[in-house]
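Student: I would like to learn how to read a helix in a model like this one. Could we go through it step by step?

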Amino acid sequence: SAVLPDENGAAVSGAMRTGMVLHYYDGTYMTQYRIVIFGDVNGDSAIDAIDLLLIRKNLLGLATLSEACKTASDVNRDGIVDAIDLLLVRKHLLGLYSITQ
């Protein structure tokens with residue numbers, strides 16, 4: 001069975017967000033998986049201008065991101081958060097690129 005609790009331990013009824021932890025129990029072992037939605041840098045379940053701003057601030061050294069948020073920032077999944085990821089989020093917001101999950 002799998003449970004996706006919120007910060008208070010209650011089951012989530014809305015969309016998954018970057019940073020949430022999925023608890024999976026296979027009958028013997030409990031495994032936890034950190035949720036990452038590529039492009040959803042601030043963990044609000046949407047890819048929007050705030051995410052674009054956070055990537056820019058991170059690149060300029062003005063913001064520190066959690067590991068899950070850094071992973072979500074690496075939109076092209078090359079292991080580096082850089083100007084290309086910033087450009088891809090901008091293109092996604094303009095409808096010129098689709099960020100795949």
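Tutor: We begin with a term: a helix here is a DSSP run of H or I with at least four residues, and helices are numbered from the N terminus. Please keep in mind that this is a predicted model.

Student: Which residues meet in a salt bridge, and in which helix do they lie?

Tutor: The general idea is that an α-helix has 3.6 residues a turn, so residues three or four places apart point the same way. In this structure, Lys70 and Glu67 both belong to helix α2 and are three residues apart, about one turn of the helix, and their side chains form a salt bridge with an N to O distance of 3.5 Å. The structure holds one salt bridge.

Student: Which residues of helix α3 are buried?

Tutor: In α3, which spans residues 83-93, the buried residues are Asp85, Leu86, Leu88 and Val89. They cover an arc of only 160° around the axis, which puts them on the same side of α3. These buried residues pack against α1 (49-59) and α2 (67-73).

How values were computed
Residues numbered from 1 in each chain as written. Predicted model: local features only at pLDDT ≥ 70, side-chain atom pairs only at ≥ 80, totals over all residues. Heavy atoms only, no water. Buried < 20%, exposed > 50% of the residue type's maximum accessible area, 1.4 Å probe, protein only. Helix = DSSP H or I, 4+ residues; strand = E, 2+ residues; numbered from the N terminus. Arc of directions from axis to C-beta. Contact = heavy atoms within 4.5 Å. Salt bridge = Lys/Arg side-chain N within 4 Å of Asp/Glu carboxyl O.
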